[in-house]
Amino acid sequence: MASSMPSFSSLLFIIFSLQLLFLSPTLSTSRRVLHDHVTEQRETGFRVSLTHVDSGKNLTKFERLQRGVKRGNLRLERLINNMMASLSVDSSSQLTSPVHAGNGEFLMNLAIGTPPEKYSAIMDTGSDLIWTQCKPCTKCFDAPTPVFDPKKSSSFSKVSCSNSLCKALPTSDCGSDGCEYLYSYGDYSSTQGILATETFMFDKVSVPAVGFGCGEDNEGSGFNQGGGLVGLGRGPLSLVSQLKKSTFSYCLTSINDDTSSGNPTSTLVMGSLASHIVNDTGFTTPLIKNPSQPSFYYLSLQGISVGNVDLPIKKSTFAIDSDGSGGVIIDSGTTITYLEESAFNMVKKEFVSQMKLNVDDSGSTGLDLCFELPADNGSGETTIEIPKLVFHFDGASLDLPGENYMIGDANAGVVCLAMGGSSGISIFGNIQQQNMMVVHDLEKETLSFIPTKCDQL
C-alpha cells in the first residue's frame with residue numbers, strides 16, 4: 001500500500017490561476033490503443049458522444065461542481081431511503097425490491113423509430129430500463145427533445161405479456177395494449193406506459209427490436225435534462241444486456257474542460273471495441289454482484305491511503321452486508337464520491353492533518369471539507385501542496401490525479417475535497433473517474449481504469 005511509496009511522492013502541487021486547476025503530473029493515455037481498433041471493430045461495437053447536463057450554461061468548474069453536488073446529495077439521500085425501505089419489505093415478505101438510481105449527469109444522443117427521430121437521453125449505469133416519453137401523454141415533463149409518436153414509425157411494435165422482457169420488469173400488468181409497466185427510481189421519479197420494441201440508432205449504427213418503455217405517464221423532476229433514459233445496468237432490460245455486448249466503457253472529460261460551447265467530448269463505447277482498450281497501463285479489479293440490488297456495479301474497496309498514511313479502515317466497512325445493504329458501487333450519474341461515514345471521517349481528518357492550510361468553516365460551498373487558499377504572490381497564481389489519494393481495490397490500487405479529488409476556486413478563495421459522507425452505501429463518483437477509460441467487462445466480471453485524455457478520443 002502507500003507506506004511503500006517514497007515520502008516525496010505523497011504530495012502533488014496545484015497552481016490556481018483564473019479559477020483553473022493545473023497539475024504538474026500529466027496523465028498517460030491509451031488513445032492510440034482505441035484508435036488502432038476503430039476500423040477493424042466497428043462492426044461489433046459503436047461509440048456515442050456524451051454531453052454533461054450542465055454543458056453550455058457558461059458555468060465555472062466550481063459552479064458546475066456545486067450544482068452536481070446538490071443533485072448528488074439528493075440522489076444519495078433518496079437512494080438510501082428507498083434502499084432501506086426495500087430491505088424492510090424484503091425481510092418481511094421475502095420478495096426482492098431492487099432500487100434504481102434514476103436521473104444522471106450525462107446525456108447521450110440517439111435516434112428512435114423509422115424514419116429516425118433524434119433524441120437526447122440520460123445515460124444511467126444505476127438502472128436497466130430504456131425509455132422515452134410517448135404520445136398520447138397523460139403526464140409528461142418538459143424536455144428538450146420531442147415526445148415520441150409511435151404512429152409515425154413503421155418499426156414500432158408492442159411487447160406481449162409473455163415476452164421475457166415483460167417478465168423482467170419489477171412491476172408490470174397485462175392490459176389491452178399488451179405489457180404495461182411501472183418503473184420507479186430512487187429519487188421518487190417514475191415512468192409508466194407500455195413496453196414496446198423499436199429501431200434505435202446510435203451514431204450510425206442501427207439496432208432493430210430494442211425493448212423500451214413508451215412512457216405515457218412520467219413523474220418527477222429528475223429527467224427534464226433529456227427526453228428519457230438509457231439504462232446500462234446489469235439486468236436483462238438494459239441496453240448492455242439487450243445488445244448482448246459483454247463489454248462497454250465510458251470516458252468522462254475533466255470538470256476543468258470548457259463547457260460553455262456545449263460540445264460533447266465525453267464518450268460511451270459499446271461492444272468488443274471497448275474490450276480492446278484494456279492494456280498494461282490500466283488497473284483491473286473484480287466486479288461484485290449484490291442479489292438484492294442486481295442493477296448496480298459493485299466494487300471491492302479494501303482501503304484508502306492519504307499521503308503515506310494507510311487509514312485504519314476496517315475491511316468490513318465497504319463490504320456488502322448479509323441483508324444487501326452497504327457495499328461500494330461505481331456510478332457515472334453521481335458527481336462526487338461518497339464514503340461510509342466512519343471512513344470519510346478518517347479521510348477528512350487526515351487531509352486536515354496533512355494540508356498546510358486553514359480549514360474553511362463558512363459552509364458556503366456545499367462540500368464537507370474546504371481549505372482557505374493563501375494569498376497569491378503577486379503573479380496571479382497560487383501554488384499549494386496536497387497529499388496523494390489512493391483507493392486500494394481488490395487487485396488494483398488507483399492513485400488518483402489531484403484534479404480528481406481537489407477542486408479549487410480562486411475567486412472564492414477555497415480548495416475543496418470532492419468527497420462526502422454516506423450511510424448504507426458508498427458511491428465512487430464521476431469526478432474521481434474523469435480522464436479515465438472505465439471498462440466494464442461482464443464476461444470476465446472485471447472493471448478497469450485506464451488513464452486517458454478523454455477530450456482527445
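Biologist: Hi! Before we get into details, how many helices and strands are in the chain?

Modeller: Hello! Keep in mind that this is a predicted model. The chain has 7 helices and 30 strands.

Biologist: And what share of the residues count as buried?

Modeller: Of the 457 residues, 56% count as buried. Among contacts with a separation of 6 or more, 74% come from residues 24 or more positions apart.

Biologist: Nice. Let's go inside, then. How many residues does the largest nonpolar core have?

Modeller: That core has 70 residues. Ile304, Phe351, Phe391 and Phe449 have the most contacts inside it. Apart from it there is another core, of 21 residues, with Tyr298, Cys370, Val414 and Cys416 among them.

Biologist: Let me pick Phe449. What is Phe449 in contact with, leaving aside its neighbours within four places in sequence?

Modeller: Quite a list! Phe449 is in contact with Gly282, Phe283, Leu299, Ile330, Phe393, Leu398, Phe428, Met436, Met437 and Val438.

Biologist: You mentioned Cys370 and Cys416 in the other core. What do Cys370 and Cys416 form?

Modeller: Cys370 and Cys416 form a disulfide, with their sulfur atoms 2.0 Å apart. The torsion about the S-S bond is 105 degrees, and the link is right-handed. This pair ties together distant parts of the chain: Cys370 sits in strand β21 (residues 370-372) and Cys416 in strand β26 (residues 414-417), 46 residues apart.

Biologist: Are Cys370 and Cys416 buried or exposed?

Modeller: Cys370 and Cys416 are both buried.

Biologist: How many disulfides are there, and what pattern do they follow?

Modeller: The count comes to 6 disulfides. With bonded cysteines counted along the chain, the pattern is 1-8, 2-3, 4-6, 5-7, 9-12, 10-11.

Biologist: Why does Cys161 count as partly exposed?

Modeller: Because its relative accessibility is 22%, and partly exposed covers the range between under 20% for buried and over 50% for exposed. Cys174 is exposed, because its relative accessible area is 51%.

Biologist: And what about Cys166 and Cys179, how far apart are their sulfur atoms?

Modeller: The sulfur atoms of Cys166 and Cys179 are 2.2 Å apart, and the two residues form a disulfide. Its torsion about the S-S bond is about 90 degrees, so it is right-handed.

Biologist: Changing topic: how many cavities of 30 Å³ or more does a search of the whole structure find?

Modeller: The search finds 2 cavities of that kind.

Biologist: Which residues line the largest cavity?

Modeller: The lining is made of His52, Arg64, Gly68, Glu105, Phe106, Leu252, Thr253, Ile255, Thr335, Asn430, Ile431 and Gln434. By class, that gives 4 nonpolar, 6 polar and 2 charged residues.

Biologist: How many residues line the second largest cavity?

Modeller: There are 13 lining residues, and Leu110, Ile112, Ala121, Trp131 and Thr132 lie nearest the centre of the cavity. The elements giving two or more residues to this lining are β4 (106-112), β5 (117-124), β6 (131-133) and β12 (228-231). The classes here are 9 nonpolar, 4 polar and no charged residues.

Biologist: Last one, I promise. Where is Lys244 found?

Modeller: Lys244 is in the loop between α5 (239-242) and β13 (247-251). Lys244 counts as exposed, because its relative accessibility is 73%. Lys244 and Gly271 are 27 residues apart in sequence, and their C-alpha atoms are 8.4 Å apart in space.

Biologist: Great, thanks for the tour!

Key: Residues are numbered from 1 along each chain as its sequence is written. This is a predicted model: local features need pLDDT of at least 70, side-chain atom pairs count only at pLDDT 80 or more; totals for chains, interfaces and linings use all residues. Side-chain values use heavy atoms; hydrogens and water are left out. A nonpolar core is a set of buried Ala, Val, Leu, Ile, Met, Phe, Trp, Tyr and Cys residues joined through side-chain atoms within 4.5 Å. Buried means under 20% relative accessible area, exposed over 50%, partly exposed in between (1.4 Å probe, protein chains only). Contact means heavy atoms within 4.5 Å. A disulfide is a pair of cysteine sulfur atoms within 2.5 Å. Helices (H or I, at least four residues) and strands (E, at least two) are DSSP runs, numbered from the N terminus. On a 1 Å grid over the protein atoms alone, a cavity is a set of points where a 1.4 Å probe fits but cannot get out, and a pocket is an open set with protein on both sides within 12 Å along at least five of seven lines; lining residues have an atom within 4 Å of a point. Grid points are joined across faces, edges and corners, and a volume is the space filled by probe spheres set on the points. Ala, Val, Leu, Ile, Met, Phe, Trp, Tyr, Cys and Pro count as nonpolar, Asp, Glu, Lys and Arg as charged, and the others, Gly among them, as polar.
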